[in-house]
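Let's walk through this one together, starting with the fold and ending at the charged pairs. Keep the viewer open as you read.

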Amino acid sequence: MSKVEAKIRLRKWGSLFLVGGCYYVAGQIGLLFAIVHTSITALWPPSGIAVAALFLLGRGMWPGIFLGAFTVNYFRGTPFWVSMGIGVGNTLAGVVGAGLLRRLTDFRPDFSRIKDVLTFGVIAGAIDPVFSASIGILSLRLGGLLARGQAGDAWFAWWSGDAMGVLIFAPLIFVSQSVPWRLPPLSRILEALLMVGGFTWLAVMFFQANEMLVFLVYPFSVWAALRFRHLGVNTLALILTGVSIPILILRLAPQSHLQQHDVLFLVYRLQVILSTASLTGMLLAADITSRRRTEDDLATKEEQLQAIVKHTPDHILIQDRELRYTYLVNPELGFSEGEMLGKTDYEILAPEDAENLTKIKRKVMDSGTTMHVEIPLKTKSGKREFFEGSYVPRRNERGEVNGLIGYFRNVTERKQAEKVRAAWQESENANRAKDQFIATLSHELRTPLTAILAWIQLIKAGMLDEETRQVGISAIEDCALTQNQLINDLLDVSRIVTGKMVLKPQRVSVHAVLLSALDAIRPSAEKKSLKIVDSYGKANLETIADPTRLKQVFWNLLSNSVKFTPAGGTITVITDTVGASWRVRVVDTGQGIAKEVLPLLFRRFSQGDASSTRVHGGMGLGLSLSHSLLELQGGTVEAASAGAGLGATFTVCMPLLDRASGGVSMPVFSSAPLEPAELRTQQAALAKIKILFVDDEPRTCDAFRTALSSFGANVKVAASAKEALDSLADFDADILVSDLAMPKEDGLSLLRKIRASGDLKNRDLPAIAFSAFGGQEVGTAALDAGFQAHLSKPVNLPNLVRKIQEIAGEPAGSPQPF
Amino acid sequence: MMAPEKAILVVDDEEQIQVVLRQILKLDHYLVTAAHTGAQAMELLAQNHDFRLILLDLTLPDCRGLELASRIVEKTVSRIPILLISGNPELSEMKLPPGVVGAVGKPFDFAELLRLVRQSIENSSSH
């Protein structure tokens, strides 16, 4: 047997004997209060000890209980078998009581909840003594110690005495288990002594006089419950019992003339008083304990919450149903807590910020769902900062939304870092595009040069016959011309990029220009035995364009087809009209264009894709140049192909001359320098920006729609102020670009209407005006009407793009970009 | 001495280069077949023209010259020597794929080109 096992065993036996001993002593005391029969008492303390011991130390304590119960009766002269019976009954009562408390309920022996008191009262107080009383009375009867007529009274007296023992003694043992055994402060000891002393004196005084005065114990009961909880209440109950029962028994003893009935009546009455007092005190103490515990829990939670709130770097806010701030942690935007509490966003923030936030917050409260938001807000000093966080609806006990909670973090620095990174990435891409441009260009320049040099070597070496030499000389001429063309194209590209391309638009016949281009291309087509079919409609189509540049566009497309169509192929040129535009299609039977290459064809080597070198290899700058030249004149060019080997179709489209406007041509655009930074981003300079364009002249509308769309913008055109107002209802415009002079209703009136409208988004719609009659006055009038900028016709396209970039995305009235 | 005509495949998308290369190679009586794209070159090789050499431009519209060289080596059983034509002066320092026997820079010297062609064909037939 190990030491530990020995120790455990010793402890168990020690406990057994201790329990048995206590039971025996308590039993000796209890028998002092015998009524009806020497074995039946008004108070049986051992029953409380039994339940407590069996519950706290386990079922294994039963032999101690049995031993105590047996001996206390046997040594008092009760016959052996009767003592055995009583022992069994008392043991069984304790085992059943403790077992039920342990198994059937979640009873807690600290009586911290009201249900603990009630459970205990029913199981230990009422049920448990049924066993001891029944078996005990049966034993007495079998032993011939009790007359039949007495059995009923005896049973009830036994039951109530045992119940009293349980109610008074077991709780005291239970709660003393859960009381921390350290010395309380002196004041508390004094208070306890005062209470116990005063109560004992009172109890002795009154019970000697009249036990009905027991109600005077209630103030003490409340005192005990409030200040000392269960320990106090149960101590007082013990004192009250310890005083009242002996007094009653002593008072009854000399009066032997009293009928048994009268005696029992007095005893029962006292028992009812005692148990009521005891249970009432316990319930009071339990209620106070559970309340105090709830308070402690709340305090702990509050403490945790405060600790979290104190150390969080985030901004937390609570707002009521009317969106007034009621609670703030780490107030942001430069406002103090005092400046925000009790106020709404409208009273603190910039109007447009308040507007936006309120819209979001109302949505959160109306829908009852959490929303994650990322939002720029203006600080007190007018700086723009970025916030990221959530609004969570707040609800009352009935589940109705009565406000919201917001958690936010200032992400301005992160946003700025992202911006820097994006800018860096952009410049990286631009660098790569430049490298590729140079690589492509050197390839393009070197190819004819290589041929020229080789031919010259051959001719110089004198190894060629006359015929071959002539072939060589024309080849040299061709190559030199190719190179010349390339250099011219390069210069044109440079002019467009730097804004120095000057167009001389005039009224021209589309077919006349096309014919001159066809004449120019014919020799090289014939050289490759290519057939050119020119299918031309009857109408004489006229347009406004620079004839030289338009011819250059046609020539580029034709020369491209000649180059990529194998000998014997056909090039078909078809001219027709589509709506208010004319269209020229160049269809060849050449090698075609792969699908993935199509979108790259007209780009000026600006995409970061490595394939561009290959796409443009051998193609020169003609296509991208044509694209730019048309763009400047309000036209478009597109390429289509069913795939490699299946030929290609290039389509040029441009507005027809508007006869209604009397053919007076006014250049729509002028070219001006593009910043280098814009050059690289211009393809997507206006990506995703929604523009509402208003002009009564369809040609201008078409030209601007084409031009602005080419920068990635989503353009909707309106021919009048009324149409514009209608469009705004379903077109979620980011910016308005409007002509000032329009019949019926002019641009100034249009914007005034928009600014005065109830539509919150459009009320602040950014707007740019343009007009043919420049001058200071018009500009001022436009700005007064609410336009952010005014441009005069002809509109400088890059300038317009730059202005749109600048102004769109900034709500009106806040000219400072983030 | 008149050597028998030997077939050479020239793969280059630039007409101007094609024409002059044909003239240069004609000086040594080579028979030139021209391909403008990688796809055409593969097709011609599949038709079994008994080419003795391939002159391959590195910048083609439909594929990279080096990729094509590797594909040719994979597809053709008889090892046809490949000479690269490139404007990239760094090429001579790059690791050339197997089957590529040399590179001609642009602009090229016709005498040097012919020497390289002759040497490449002789080397391959002596194996």
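How many helices and strands does chain A have? Chain A has 25 helices and 21 strands, where helices (H or I, at least four residues) and strands (E, at least two) are DSSP runs numbered from the N terminus. Before going further, some housekeeping: this is a predicted model, so local features need pLDDT of at least 70 and side-chain atom pairs count only at pLDDT 80 or more, while totals for chains, interfaces and linings use all residues. Residues are numbered from 1 along each chain as its sequence is written, chains are lettered from A and ligands numbered from 1 in the order in which they are written, and side-chain values use heavy atoms, with hydrogens and water left out.

Of the 818 residues of chain A, 47% count as buried; that label means under 20% relative accessible area, with exposed being over 50% and partly exposed in between (1.4 Å probe, protein chains only).

Now for where the two chains meet. The size of an interface is often given as the accessible area lost when the parts come together. Here chain B and chain A bury about 2,100 Å² between them, with 64% of it on carbon and sulfur atoms; buried area is the accessible area (1.4 Å probe) that two parts lose on being put together, summed over both. On chain B's side, helix α1 (residues 15-27) gives the most, with 7 residues. That side divides into 11 nonpolar, 4 polar and 5 charged residues, counting Ala, Val, Leu, Ile, Met, Phe, Trp, Tyr, Cys and Pro as nonpolar, Asp, Glu, Lys and Arg as charged, and the others, Gly among them, as polar. In total, the contact takes 20 residues from chain B and 23 residues from chain A.

Is Thr450(A) buried or exposed? Thr450(A) counts as buried, at 0% relative accessibility. Leaving aside neighbours within four places in sequence, Thr450(A) is in contact with Ile17(B), Lys106(B), Pro107(B) and Phe108(B).

How many salt bridges does the rule find across the interface of chain B and chain A? The rule, a side-chain nitrogen of Lys or Arg within 4 Å of a carboxyl oxygen of Asp or Glu, finds 0 there. Over all chains, though, the count comes to 31 salt bridges. One of them joins the side chains of Arg115(B) and Glu112(B) (3.1 Å, N to O). These two are 3 residues apart in helix α4 (residues 110-126) of chain B, so about one helical turn separates them. Arg115(B) is partly exposed at 38% relative accessibility, and Glu112(B) is partly exposed at 36%. Over in chain A, salt bridges that share partners join Asp106(A), Arg113(A), Lys115(A) and Asp116(A) into one network.

Chain A has another pair to look at, this time between side chains in a salt bridge: Glu400(A) and Arg398(A) (3.5 Å, N to O). Glu400(A) counts as partly exposed at 41% relative accessibility, whereas Arg398(A) is exposed, with a relative accessible area of 63%.

Terms used: Contact means heavy atoms within 4.5 Å.
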